[in-house]
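Here is a short report on one protein model.

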Amino acid sequence: MSTTEENTAHATVEAAMRSQLAKAFGGVRGVIEAAVPTVAFTVMWIVTSELKPSLIVSVSTAVALLIVRLLQRSTPQFVINSLIGIGIGAFFASRTGEAKDVFLPGILYNAGYAVAMLLSIVVKWPVVGFLIGSVTGDPTAWRGDPDVVRLCSRLTWMLMLPCVVRVAVQFPVYAIGGNDAVAELGILKIVMGWPLQVAGLAAMVWLLARGRTPVRPAVP
């Protein structure tokens, strides 16, 4: 779909944002694919208490999901993201020998993402605003409308809060616990993954449903 067609389809900023957010979150399938490798690792660890087989099962599960995507010729973006995350976690854990380090990259990612979003709000360049730019064809024109900047700041807050909650809950468990905390970290990651993500998306959609800010296309 061209920029002109998207502008026609989305007459308001809120409608455009709802569409872009649905794509960004990957739908129900994307959410499930992100959670399955963690479930596999956690279950295998609970059963065996062995790092290596747990990592093998987790990575193998992610690879299997990727193969299914490729065979179906559907977008593998979300599976690849999950595979990269699992791969980084496996690298951390294999280097230290601590199974709990599988979850450290995810905690650091959420912390870094939260800080980046907070800074973007402070400097009045909320990251969600760039979704508007992808619709209008101009990545920065939205900053010329104070109403849109305020809307994007609120949405960025909503996107940031789940990251803050994850770090606030998971990091103390990681820092205090040893390998006894692996199962707990796995369960927390699953419980605080897609449920918080869906809750954040629902809050954003609720806010977007209230407004009618017109889209201003980029001037050629």
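Of the protein's 220 residues, 42% count as buried, meaning under 20% relative accessible area, with over 50% exposed and partly exposed in between (1.4 Å probe, protein chains only). The model is predicted: local features need pLDDT of at least 70, side-chain atom pairs count only at pLDDT 80 or more, and totals for chains, interfaces and linings use all residues. Numbering starts from 1 along each chain as its sequence is written, and side-chain values use heavy atoms, with hydrogens and water left out.

**Confidence.** Mean pLDDT (the predictor's confidence in each residue, from 0 to 100) is 80 for the protein, and 80% of its residues reach 70 or more. Over residues 1-10 pLDDT stays under 50. That stretch has 15 contacts beyond four places in sequence; contact means heavy atoms within 4.5 Å. Where pLDDT is low, predicted coordinates should not be read in detail.

**Fold.** The protein has ten helices and zero strands. Both are DSSP runs numbered from the N terminus: helices are H or I of at least four residues, strands E of at least two. Among contacts between residues at least 6 apart in sequence, 71% join residues at least 24 apart. Trp45 lies in helix H3 (residues 27-48). Its relative accessibility is 9%, so Trp45 counts as buried.

**Helix pairs.** Axes are lines fitted to C-alpha atoms over the stretch in contact, with angles from 0 to 180 degrees between N-to-C directions.

| Pair | Axes come within | Crossing angle |
|---|---|---|
| H4 (residues 51-72) and H5 (residues 77-96) | 9 Å | roughly 165 degrees |
| H6 and H8 (residues 146-176) | 8 Å | roughly 145 degrees |

H4 and H5 are therefore roughly antiparallel, the term for angles over 145 degrees. H4 passes H5 in a left-handed crossing: the near helix is turned anticlockwise from the far one by less than a right angle. Residues of H4 including Leu55, Val59 and Leu66 meet residues of H5, among them Ile80, Leu83 and Ile86. By class, this H4 contact with H5 has 13 nonpolar, one polar and one charged residues.

H6 and H8 also cross left-handed. Their contact includes Ile107, Tyr113 and Met117 of H6 and Trp157, Met160 and Phe171 of H8. By class, the contact of H6 with H8 has 16 nonpolar, five polar and one charged residues. Nonpolar covers Ala, Val, Leu, Ile, Met, Phe, Trp, Tyr, Cys and Pro; charged covers Asp, Glu, Lys and Arg; the others, Gly among them, are polar.

Notes: Parallel < 35°, antiparallel > 145°, perpendicular 65-115°, else oblique.
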